[in-house]
Amino acid sequence: MNDRPLYLNRSKIPKALICTICSEIFETPIRLSCCHVFCQQCLLTWRAKSNTCPIDRTQIKSLSSDKLVTSIINGLDIFCTNKAKGCKVFGPKLFITHHQIECIYTNAPNEIATNLQDLDNSVDDIFLRDGASESLLSRIYAKNPNLVIG
């Protein structure tokens, strides 16, 4: 189960949204006839060994996509997949899907992504500091002497 989203406040997500097989937030949740819910891939792997519910061991008579759980999970805040490159944007899945199309970190080579992250960190540092007399741009250049804009 690779490429799972990175959730904001993962520790605050209700246990009802966690698969008991993989201990992760549901990925394509499937509800069994006994009302237990599992990730689709987890359930496929389980069913190769057994046709019973992994929790109560009742025979699996039917299964269906759990649209309510899917909707709740899609509303949780996730980080842009470019977080490791420096993108700090987060939001619900649909917002992030659209953001990633135009995210400046998506196709940026590592060197450019590092410079963008350094610049972003510099701006954060400058705005957190009080009483500076220099202009914003000169302070950014002071922190990043190799920065070239234009």
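Trainee: Is Cys 19 buried or exposed?
Mentor: Cys 19 counts as buried, because its relative accessibility is 0%. Buried means under 20% relative accessible area, exposed means over 50%, and partly exposed is in between, using a 1.4 Å probe and protein chains only. Before we go on: this is a predicted model, where local features need pLDDT of at least 70, side-chain atom pairs count only at pLDDT 80 or more, and totals for chains, interfaces and linings use all residues. Residues are numbered from 1 along each chain as its sequence is written, and side-chain values use heavy atoms, with hydrogens and water left out.

Trainee: Okay, and how many disulfides are there?
Mentor: A search of the whole structure turns up 0 disulfides, a disulfide being a pair of cysteine sulfur atoms within 2.5 Å. For Cys 19, the nearest cysteine sulfur belongs to Cys 42 and is 3.9 Å away.

Trainee: What stands opposite Cys 39?
Mentor: Pro 29 does, and Cys 39 is in strand 2. Strands (E, at least two residues) and helices (H or I, at least four) are DSSP runs, numbered from the N terminus. Strand 1 and strand 2 pair in the antiparallel sense over 3 bridges; two strands pair if DSSP finds at least two bridges between them.

Trainee: What's the strand order in the sheet?
Mentor: The order is 2-1-3, in an open sheet of 3 strands with antiparallel pairing. Strand 2 and strand 3 are the edge strands, each pairing on one side only. On average, neighbouring strands are turned by 35° against each other, direction ignored. For such angles, axes are lines fitted to C-alpha atoms, for helices over the stretch in contact, and angles run from 0 to 180 degrees between N-to-C directions.

Trainee: Which helix packs on the sheet?
Mentor: Helix 1, touching strand 1, strand 2 and strand 3. The direction of helix 1 makes about 95° with that of strand 2. Contact means heavy atoms within 4.5 Å.

Trainee: New topic: how many residues are in the largest nonpolar core?
Mentor: The largest nonpolar core has 21 residues, and Tyr 7, Ile 13, Phe 26 and Ile 73 have the most contacts inside it. A nonpolar core is a set of buried Ala, Val, Leu, Ile, Met, Phe, Trp, Tyr and Cys residues joined through side-chain atoms within 4.5 Å. Strand 2 gives the most to this core, with 3 residues.

Trainee: What does Ile 13 touch?
Mentor: Not counting residues up to four places away in sequence, Ile 13 touches Tyr 7, Ile 18, Ile 25 and Leu 76.

Trainee: And where is Asp 66?
Mentor: Asp 66 lies in the loop between strand 3 (63-65) and helix 2. Asp 66 counts as buried because its relative accessibility is 5%.
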